[in-house]
Amino acid sequence: MNRLAVQAGAVSLAQGFPDFACPPELKEAAAAAVNADINQYAITWGARPLREAIAAKTARFHPGWQVDPETQITVTCGATEGMIAAMLGLLDPGDEVIVFEPFYENYGPDAILSGAVPRYVTLHEPDWSIDPDELRSAVNTRTRATR
């Protein structure tokens, strides 16, 4: 999709490409990890220190929330994996998902793979606004999610 977007002069929603340099602290941390031979895959649901850090940050931003890093946090290999995992875990066949378009290329297919039906609602230029009537008409008793 990125190649086609570049050819057409379009904005690609298929993959993020940062338009800034990697922060030096991140480069140093990565180099230190490699030098310390920390080079194995993490466990499937994410390394414990990362899950604990996410739980701690969640508690700082949402006082009163008690998040268990062992049972309530899963780290995924990017948004694509997280999105399909969430859809497979939360949607039932026949549920509907509102997908705002233009959209990332996996939103519709992931809904379909989950047994759900994507319902597309257009984001209108120039400010990418949502027409409330269009959104209202897409929502029904089978609507379970938005992307």
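Is Tyr104 buried or exposed, and what is its relative accessibility? Tyr104 counts as buried because its relative accessibility is 18%. Buried means under 20% relative accessible area, exposed over 50%, and partly exposed in between (1.4 Å probe, protein chains only).

The model is predicted: local features need pLDDT of at least 70, side-chain atom pairs count only at pLDDT 80 or more, and totals for chains, interfaces and linings use all residues. Residues are numbered from 1 along each chain as its sequence is written, and side-chain values use heavy atoms, without hydrogens and water.

Tyr104 belongs to the largest nonpolar core. Such a core is a set of buried Ala, Val, Leu, Ile, Met, Phe, Trp, Tyr and Cys residues joined through side-chain atoms within 4.5 Å. This one has nine residues, including Met83, Met87 and Tyr107. H4, E1 and H5 each supply at least two of its residues. Helices (H or I, at least four residues) and strands (E, at least two) are DSSP runs, numbered from the N terminus.

Helix H4 spans residues 79–90. Its buried residues are Met83, Ile84 and Met87. They lie on the same side of H4, because they cover an arc of only 90° around the axis. Gly89 and Leu90, on the other side, are exposed.

Two aromatic pairs are counted. Rings of Phe, Tyr and Trp (its six-membered ring) pair if their centres lie within 6.5 Å; planes under 30 degrees apart count as stacked, over 60 as edge-to-face and the rest as tilted.

| Pair | Centres | Planes | Type |
|---|---|---|---|
| Phe103 and Tyr120 | 5.4 Å apart | 25° | stacked |
| Tyr104 and Tyr107 | 5.7 Å apart | 70° | edge-to-face |

How values were computed. The expected span of a helix is 1.5 Å times one less than its number of residues. The arc is that of the directions from the helix axis to the C-beta atoms.
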